[in-house]
Structure formats: structure tokens, C-alpha cells
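The following paragraphs lead the reader through one protein structure.

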Amino acid sequence: MLMRSDPFRELDRFTNQVFGTAARPAVMPMDAWREGENFVVEFDLPGINPESLDIDIERNVVTVRAERPGVDPNREMLATERPRGVFSRQLVLGENLDTERIEASYTEGVLRLHIPVAEKAKPRKITVARGAQHRAINDTAPQPEVVNA
């Protein structure tokens, strides 16, 4: 079988592997949504050894790192399209999320983070006073207290 070698095709393939394309980014794909009083973030990381997962939190920045091992050099590869090496992604979280209580799980190639909404960001009711009374908001009590002026 005669095969043509195209050095530019190989360069394109390498560039797409390193930098990604619109259809297949080199970074870990992510979905995020709100579920009740939690934000849920999922990262697609198939083929990752769970021991290689590293999640760091510094202030309101979450950094996720994972590694997919390289191809066995003893194999004669026919196609190598899956990105390999170290993957890293940072998320800047809002001040309304509780970074002290983040939970993480890795199942079937998906890393899932549950990030609870901070107590200070949860909705609360404020009652409206009538006449000369004023209502003060007390963050520790679920009901506001009455202050007479």
C-alpha cells in the first residue's frame, strides 16, 4: 500500500491536540448548573486514574488537575486522537459560594463537584413594619427583630 506523507497534516493534528479545536478543546470539557442550594460542576475526564486527580482551592479559585498517561511506546499506534498528559482548569467562584464545604466525586469518567451556596447568599424574608417601627435584619436569627424608634 502506498501512503502519501503530508507534513502539514501532521502539524495540524499536533496543533489540534495541544491547543484543541472548537469541536474538541484540549482543556477538560465542563458543564455547570444550579441544583437547589448547590452549584454542580461536571468535568469529562474519561480514562483518568483517580489518583491523578488533584483539586486545589485558594480563596475563591478552584483548580482541577488530572493526568492521562502517555501511549505505551511499545505499541504500534494506528491512531492517536485522544489528548494525553496533564490537564488543568481553573474556576473563579463567586463570593456567594461556600468553598469550605465543596464535595467531589469521580464516577464513570466524570468528575463532579458540589459547591453549596453560602448562608449569607441564601434568600431570606424581611418583614415590613408599619408606622414608627423599624425592622433590623439579624443574620444569626431566622426572623428579624423589631426595633422601636
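The largest nonpolar core has 18 residues, and those that touch the most other members are F43, L45, V64, L93, L113 and I115. A nonpolar core is here a set of buried Ala, Val, Leu, Ile, Met, Phe, Trp, Tyr and Cys residues joined through side-chain atoms within 4.5 Å. Buried stands for a relative accessible area under 20%, exposed for one over 50%, and partly exposed for values in between, with a 1.4 Å probe and protein chains only. Two or more residues of this core come from each of the elements β2, β4 (61-68), β5 (85-92) and β7. In soluble globular proteins, nonpolar side chains tend to be buried together.

The structure is a predicted model, in which local features need pLDDT of at least 70 and side-chain atom pairs count only at pLDDT 80 or more, whereas totals for chains, interfaces and linings use all residues. Residues are numbered from 1 along each chain as its sequence is written, and side-chain values use heavy atoms, with hydrogens and water left out.

Leaving aside residues up to four places away in sequence, I115 touches E37, N38, F39, V41, L93, L97, D98 and I102, a contact being heavy atoms within 4.5 Å.

The protein as a whole contains 1 helix and 9 strands. These are DSSP runs numbered from the N terminus, with helices (H or I) of at least four residues and strands (E) of at least two. Along the sequence, their pattern is α-β-β-β-β-β-β-β-β-β.

Which strands form the open sheet, and in what order? The sheet consists of 4 strands in the order β1-β2-β7-β6, with antiparallel pairing. Its edge strands, β1 (30-35) and β6, each pair on one side only. On average, neighbouring strands of this sheet are turned by 20° against each other, direction ignored; the axes are lines fitted to C-alpha atoms, and angles run from 0 to 180 degrees between N-to-C directions. Two strands pair if DSSP finds at least two bridges between them.

Within the sheet, strand β2 (residues 38-44) runs antiparallel to strand β7 (residues 110-116), and 7 bridges join them. D44 stands opposite V110 in β7. Strand β6 (residues 103-107) also pairs with β7 in the antiparallel sense, over 5 bridges. There, Y106 has L111 of β7 as its bridge partner, and S105 has R112 of β7.

The hairpin of β6 and β7 has 2 residues between the strands, and E108 takes a positive phi near 50° in this hairpin. Most residues other than glycine have a negative phi. E108 is exposed, with a relative accessible area of 79%. A second residue other than glycine with a positive phi is R59, at a value near 60°. R59 lies in the loop between β3 (54-58) and β4 and counts as exposed because its relative accessibility is 75%.

Of the 149 residues in the protein, 21% are buried. The accessible surface comes to about 11,500 Å², with 51% of it belonging to carbon and sulfur atoms; such areas come from the Shrake-Rupley method with a 1.4 Å probe, and for residues only the protein chains shown count as cover. Among contacts with a separation of 6 or more, 44% are between residues 24 or more positions apart.

The mean pLDDT, the predictor's confidence in each residue from 0 to 100, is 78 for the protein, and 69% of the residues reach 70 or more. Over residues 21-25, pLDDT stays under 50, and the model has 5 contacts beyond four places in sequence for this stretch.
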